[in-house]
Amino acid sequence: MKLYYVPGACSLSPHIVAREANLPVTLVRVILADRTTDSGEKYLEVNPKGYVPALRLESGEVLTEGVAIVQYLANRLPGLNLLPNNGSMPYYRALEWLTFISSELHKGFSGLFRNDLTDAEKAAIVVRLTKRFDYLEHALAVGPFLLGEHFTVADAYCYTVLRWSPRADIDLKTYPNIAAYVARVQARPAVQLALTEEELPLL
Ligand SMILES: N[C@@H](CCC(=O)N[C@@H](CS)C(=O)NCC(=O)O)C(=O)O
């Protein structure tokens with residue numbers, strides 16, 4: 001399988017899941033500026049949406065949308081518990097977290113990476129994000145991971161977007177549960193491998 005990625009972008013989430021599951025996934029770096037890849041492909045021919053991540057399967061099919069990709073990867077090795085059993089209550093909790101991370105955190109941060117928003121618009125985004133961080137801080141009082149004892153795809157995604165906190169000038173020291181969670185996640189060998197492969201520092 002091939003994972004199309006940009007270092008440090010949301011594609012880090014499926015990258016972490018692939019390494020946690022020890023799946024044979026090779027990385028293809030996307031240059032967003034001209035929608036090409038380091039293997040010489042035109043990225044829009046891989047994913048017409050133009051954004052990362054995208055996963056090319058062994059069959060040649062391409063799967064897009066991070067939330068779909070991490071579930072696909074986790075289901076390749078169900079014994080690892082990277083996603084609870086389909087239909088169980090923990091499974092719906094995982095979906096609940098994935099949706100929160102995608103729509104409230106990930107897309108919350110997205111505006112801060114745009115250059116067509118005013119400072120006032122960006123300040124409003126930070127106010128909204130801060131409320132979501134407050135919720136996460138409260139939820140992580142239990143832990144050690146979002147769904148309890150097991151690291152799941154939701155943690156790979158949550159860690160990935162928490163890495164963008166400096167962009168919102170959010171100091172994780174003011175969120176002790178989140179800071180401890182970040183340290184716990186990035187202590188995992190698979191996370192460290194993914195960071196090394198993307199040449200990223202620890203948060
Ligand atoms: N709905 C997509 C959004 C992916 C997304 O926001 N990708 C960003 C990086 S984190 C990107 O490639 N942005 C470049 C662009 O939109 O042109 C998903 O969840 O996978």
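Visitor: Which domains does the domain assignment of the protein give?
Guide: Residues are numbered from 1 along each chain as its sequence is written. Because this is a predicted model, local features need pLDDT of at least 70 and side-chain atom pairs count only at pLDDT 80 or more, while totals for chains, interfaces and linings use all residues, and side-chain values use heavy atoms, with hydrogens and water left out. The bounds come from an automatic or database domain assignment, and that gives domain 1 (2-80 + 192-197) and domain 2 (89-188).

Visitor: How much area do domain 1 and domain 2 bury between them?
Guide: Contact (heavy atoms within 4.5 Å) links 14 residues of domain 1 with 16 residues of domain 2. Buried area is the accessible area (1.4 Å probe) that two parts lose on being put together, summed over both. Carbon and sulfur atoms carry 66% of the buried area, and its total is about 1300 Å².

Visitor: How many salt bridges does the rule find across the interface of domain 1 and domain 2?
Guide: The rule asks for a side-chain nitrogen of Lys or Arg within 4 Å of a carboxyl oxygen of Asp or Glu. Across this interface, the number found is 1.

Visitor: What is the volume of the largest pocket?
Guide: On a 1 Å grid over the protein atoms alone, a pocket is an open set of points where a 1.4 Å probe fits, with protein on both sides within 12 Å along at least five of seven lines; lining residues have an atom within 4 Å of a point. Points are joined across faces, edges and corners, and the volume is the space filled by probe spheres set on them. For the largest pocket, that comes to about 560 Å³.

Visitor: Which residues are the closest to the centre of the largest pocket?
Guide: Domain 1 and domain 2 each supply at least three residues of this lining. From the 21 lining residues, the closest to the centre are C10, Y51, V52, H106 and K107.

Visitor: Which element gives the most to the lining of the largest pocket?
Guide: Helices here are DSSP runs (H or I, at least four residues), numbered from the N terminus. Both α3 (66-76) and α4 (89-110) supply at least two residues. With 4 residues, the one giving the most is α4.

Visitor: Where does the largest share of the lining of the second largest pocket come from?
Guide: The second largest pocket holds about 170 Å³ of space. Its lining includes W97, F100 and Y135. The largest share, 4 residues, comes from α4.
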